[in-house]
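I opened my notebook to see what I could look up in this one.

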Amino acid sequence: MDRWIAVDWGTSSFRAYLIENDVVSDTIETKDGMKFVKNNNFENTFINLIGKWLIKDKKIDVLASGMLGARQGWIEAPYKKAPCNLNNINYVSPILTDNRISLKIFSGISQNDPPDVMRGEETQIAGFLTDNNKFNGSICLPGTHSKWIKINKNSLEKIKTFMTGELFEIISNNSVLTHSVKSNNLDKTEVLNSANKIMNNPELFANSLFQLRADDLLNSKGAIIYRSRLSGYLLGMELIGSIEFWKNNDIVLIGNIDLIDFYENALIKKVSSIQKFTSEDMVLKGLQHFKDKLN
């Protein structure tokens with residue numbers, strides 16, 4: 001039986017998949033992100049997380065990507081420099097005391113001019129390119145740090161990162177808008193209208209943020225409306241900054257399905273085509289692709 005483990009270990013979360021004969025037979029998903037590992041106790045933390053899959057006196061291959069390969073992670077996996085071909089990704093293997101696992105941590109991608117980096121997203125991109133190696137267009141991975149990537153026939157040409165998700169959290173939790181956006185829901189129409197407003201008048205971004213609070217004080221339309229406006233304003237700013245990647249181009253969106261739907265709604269009439277995929281599916285495809293290239 002061909003049996004191996006795929007791991008996506010990020011800053012805030014941990015995901016692992018047991019693959020048996022090319023089928024996911026079990027999954028582990030926890031909030032044990034890299035930032036929560038105490039005293040650099042990475043190996044013991046990892047073994048505790050996947051221990052139920054390990055068999056005495058049998059070694060299993062583990063292929064991993066994400067922030068465990070960062071400078072502050074388990075062991076630094078040096079960046080591969082863009083432009084680059086993801087068929088030739090690098091990896092490092094930490095020294096382990098547990099002889100039941102063989103671990104390979106794949107490197108991220110760096111760009112010198114302008115400076116940019118990614119860790120983990122390259123695996124998702126490789127997953128998409130596995131079945132689309134003639135693709136010529138742009139890939140967007142929305143999230144805490146949204147990535148826009150230019151692709152030309154299996155080559156990663158250029159990266160541009162926007163701190164959209166992180167700015168949303170900072171503004172939501174640490175500004176005067178905190179009092180107006182306390183909701184867990186979004187209104188899709190309000191997000192789209194707000195994104196278009198900022199795309200048409202980006203110079204009004206900071207003013208629009210304060211208007212959001214003032215409108216709440218004067219008219220009180222509810223937290224869902226104001227949270228949606230904040231989301232839309234930040235999305236609009238990202239799309240203005242990434243216009244070289246998407247305008248009249250073929251676009252691929254990879255991420256949380258609800259989040260990429262907002263991007264699709266904002267871009268649908270401005271691009272040549274849009275395809276959508278989940279992060280989980282592309283991570284698994286990407287790690288399988290890297291594994292195949294090692295054989």
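Before the entries, one term: I call two residues in contact when heavy atoms of theirs lie within 4.5 Å. Also, please keep in mind that this is a predicted model.

**Entry 1: the core**

I started with Ile109. Leaving aside neighbours within four places in sequence, I found Ile109 in contact with Tyr79, Lys80, Ala82, Cys84, Leu86, Ile89, Asp116, Val117, Met118, Glu122, Leu156 and Ile159. Then I looked up the largest nonpolar core, which has 30 residues. Ile109 is among those with the most contacts inside this core, together with Leu86, Ile125, Ile139 and Leu156. Two or more residues each come from S1, S2, H2, strand S11 (136–141), strand S12 (146–152), strand S13 (155–162), strand S14 (250–254) and H9. Which element gives the largest share of this core? I noted H9, with five residues. Apart from this core lies another, of 26 residues, and I wrote down Phe42, Val62, Ala77 and Leu103 as among them.

**Entry 2: the sheet**

Next I traced a sheet. Six strands form an open sheet in the order S6-S13-S12-S11-S14-S15, with mixed pairing.

I then went through some of the pairs:

- S6 pairs with S13 in the antiparallel sense over two bridges, and Asn85 stands opposite Ser155 in S13.
- S12 and S13 run antiparallel and are joined by seven bridges; here Ser146 stands opposite Phe162 in S13.
- S11 and S12 also run antiparallel, with six bridges between them, and Ser138 stands opposite Lys150 in S12.

How big is the largest pocket by volume? I noted about 1,400 Å³. The lining has 41 residues, and the closest to the pocket centre are Gly10, Thr11, Glu121, Thr144 and His145. Strand S1 (3–9), strand S2 (14–20), strand S3 (23–30), strand S10 (116–118), helix H2 (121–130), helix H8 (257–267) and helix H9 (279–294) supply at least two lining residues each. H9 gives the most to this lining, with three residues. By class I counted 13 nonpolar, 16 polar and 12 charged residues in the lining of the largest pocket.

The second largest pocket has a volume of about 550 Å³. Of its 21 lining residues, Gly165, Phe168, Leu186, Ser231 and Leu259 are the closest to its centre. Helix H3 (164–174), helix H6 (223–241) and H8 each give two or more residues to this lining. The class count for the second largest pocket is eight nonpolar, 10 polar and three charged.

**Entry 3: the cavity**

I found one cavity of 30 Å³ or more, and the volume of the largest cavity is about 30 Å³. Which residues line the largest cavity? My list reads Asn85, Leu86, Asn87, Ala126, Leu129, Thr130, Asn154 and His289. H2 gives the most to this lining, with three residues. The lining divides into three nonpolar, five polar and no charged residues.

Is Asp261 buried or exposed? Asp261 lies in helix H8 and has 15% relative accessibility; buried means under 20%, so Asp261 counts as buried. Beyond four places in sequence, Asp261 is in contact with Lys188 and Lys276.

Asp187 sits in the loop between H3 and helix H4 (188–200). At 29% relative accessibility Asp187 counts as partly exposed, because that class runs between 20% and 50%. Leaving out neighbours within four places in sequence, Asp187 is in contact with Ile224 and Ser228. Last, I looked up Asp187 and Arg119: the two are 68 residues apart in sequence and 31 Å apart in space, C-alpha to C-alpha.

Conventions. Residues numbered from 1 in each chain as written. Predicted model: local features only at pLDDT ≥ 70, side-chain atom pairs only at ≥ 80, totals over all residues. Heavy atoms only, no water. 1 Å grid on protein atoms, 1.4 Å probe; cavity = no way out; pocket = protein on both sides within 12 Å on 5 of 7 lines; lining within 4 Å. Points joined across faces, edges and corners; volume = space filled by probe spheres on them. Helix = DSSP H or I, 4+ residues; strand = E, 2+ residues; numbered from the N terminus. Nonpolar A, V, L, I, M, F, W, Y, C, P; charged D, E, K, R; others polar. Core = buried A, V, L, I, M, F, W, Y, C linked by side-chain atoms within 4.5 Å. Buried < 20%, exposed > 50% of the residue type's maximum accessible area, 1.4 Å probe, protein only. Pairing = 2+ DSSP bridges.
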